[in-house]
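My notes follow in the order in which I took them.

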Amino acid sequence: MKPPWVLIFFTMKLFYLDESGNPELSGSSDSYVLVAVGIPIEKWEYCDRTINQLKSSYNLSSAEIHTAWMLRSYREQQEIEGFESMNHDERRQAVIRIREQKVQFYKDNKSPQALKSLKKIYKNTFPYIHLTFSERQRFIFDLVAKIKSWSFVRIFAEIIDKRDYRPPKPELTPEVQAFERIVTRIEKFLSHVSNDQKEYGLLIHDECESVAASHVSNMKHYYRRGTFKSAIKHIIETPLFVSSAYTNMVQIADCCAYALRRYYDSADNILYLPIKSRADKIGSDIVGFNHYTSNNSCPCDLCLAKRKRMGNKRSS
């Protein structure tokens with residue numbers, strides 16, 4: 001006799017999303033990158049604690065890690081004699097004094113727009129001014145090393161070359177296309193890893209009113225009709241939107257997105273290679289990353305591998 005109840009087991013993975021580069025075709029960056037960093041829900045506390053410990057070792061406990069702003073050169077630090085020999089409080093106060101003087105100079109002599117740009121730079125770099133450039137670099141290298149060491153992490157990324165953007169559907173913006181392709185890859189991943197236990201995924205994105213409205217609307221559409229390539233059965237319909245300032249794993253996604261854009265815009269692979277090691281794979285083939293470009297001779301490693309696979313299929 002069958003029992004009157006059935007136990008249904010399921011597990012969940014959390015996918016933290018962030019972007020790098022301007023999604024507008026007229027934006028300053030050549031590439032637009034959307035990244036999703038997936039972890040099992042039971043690993044969330046471990047990851048969060050590990051990141052907090054690393055932050056604390058650099059006196060960054062209350063800081064939001066924004067990789068692009070951290071890896072800038074801060075001119076004020078170069079103007080301070082003996083900056084490296086100062087302690088953190090002394091460095092911070094010395095930088096603040098110079099910045100206050102520059103703000104006053106801009107108020108007296110520059111345009112309002114120039115002053116606004118200066119204040120934006122100062123606001124976004126303020127959490128890191130107690131660290132030298134080499135210390136900020138070392139922190140990011142340490143952070144990327146942590147990501148590489150997490151064997152349970154799966155990273156998905158869509159890199160769109162905006163210079164000659166030709167989407168399969170004319171109405172698709174780089175932002176929408178990247179999101180649809182990321183959702184499709186996560187769905188295929190969850191379908192693949194589901195065995196006796198059903199695997200579900202929750203998308204968690206940095207909060208932004210315009211992005212939230214777009215993603216929620218698109219997810220509802222995908223739920224009803226599927227994406228361009230897949231039905232959606234394993235991803236929770238409504239994404240969760242959180243403040244990156246208080247969510248370490250969104251800051252990790254920011255770091256990964258920056259690393260990929262640096263590789264595609266500037267051929268700098270020092271951060272890219274460790275991140276690539278955690279890309280979703282089938283066998284030895286990377287399936288979690290895709291470079292969308294009309295350049296049939298693109299020299300990037302993803303495009304080279306894709307052309308090799310296609311050549312092998314034609315010759316077999």
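Predicted model: local features only at pLDDT ≥ 70, side-chain atom pairs only at ≥ 80, totals over all residues.

**Entry 1: Lys-13.** Residues are numbered from 1 along each chain as its sequence is written, and side-chain values use heavy atoms, with hydrogens and water left out.

I placed Lys-13 in strand β1 (residues 10-20); helices (H or I, at least four residues) and strands (E, at least two) are DSSP runs, numbered from the N terminus. Leaving aside neighbours within four places in sequence, I found Lys-13 in contact with Ile-39, Pro-40, Ile-41, Phe-189, Leu-190, Glu-199, Tyr-200, Gly-201 and Leu-202, where contact means heavy atoms within 4.5 Å. I also looked up the separation from Gly-82, which is 69 residues from Lys-13 along the chain, and the two C-alpha atoms are 48 Å apart.

Which strand pairs with β2, and in what sense? I found β2 and strand β3 (residues 154-161) paired in the antiparallel sense over 8 bridges; two strands pair if DSSP finds at least two bridges between them. In this pairing Gly-38 stands opposite Arg-154, and Tyr-32 stands opposite Ile-160.

I then turned to β3, where 7 of the 8 residues are buried, so β3 is largely enclosed by the rest of the structure. Strand β3 is also joined by 4 bridges to strand β8 (residues 289-292), and these two run parallel, with Ile-159 opposite His-291 of β8.

**Entry 2: helix α1 and its packing.** How do helix α1 (residues 44-57) and helix α9 (residues 248-266) pack? Their axes are 9 Å apart at an angle of about 75 degrees, where axes are lines fitted to C-alpha atoms, for helices over the stretch in contact, and angles run from 0 to 180 degrees between N-to-C directions. That angle makes α1 roughly perpendicular to α9; angles under 35 degrees count as roughly parallel, over 145 as roughly antiparallel, 65 to 115 as roughly perpendicular and the rest as oblique. The contact is made by Cys-47, Asp-48, Ile-51, Asn-52 and Lys-55 of α1 with Asn-248, Met-249, Gln-251 and Ile-252 of α9.

The axes of α1 and helix α6 (residues 133-149) come within 11 Å and cross at roughly 160 degrees, which means that α1 is roughly antiparallel to α6. On the α1 side I listed Thr-50, Leu-54 and Lys-55, and on the α6 side Phe-139, Asp-142, Leu-143 and Lys-146.

**Entry 3: helices α7 and α8.** For helix α7 (residues 174-193) and helix α8 (residues 209-225) I noted axes that come within 11 Å and cross at roughly 50 degrees, an angle that makes α7 oblique to α8. The contact draws on Glu-175, Val-176, Phe-179, Glu-180 and Val-183 of α7, and on Val-211, Ser-214, His-215, Asn-218, Met-219 and Tyr-222 of α8.

Entry 4: Asn-59 is not a glycine, yet has a positive phi of about 60 degrees; I located Asn-59 in the loop between α1 and α2 (67-70), where it is partly exposed with a relative accessible area of 44%. Ala-267, again not a glycine, has a positive phi of about 60 degrees and is found in the loop between α9 and α10 (272-276). At a relative accessible area of 64%, Ala-267 is exposed.

Last, I looked up Ala-305 in helix α11 (residues 301-315), which counts as partly exposed at 32% relative accessibility.

Notes. Buried < 20%, exposed > 50% of the residue type's maximum accessible area, 1.4 Å probe, protein only.
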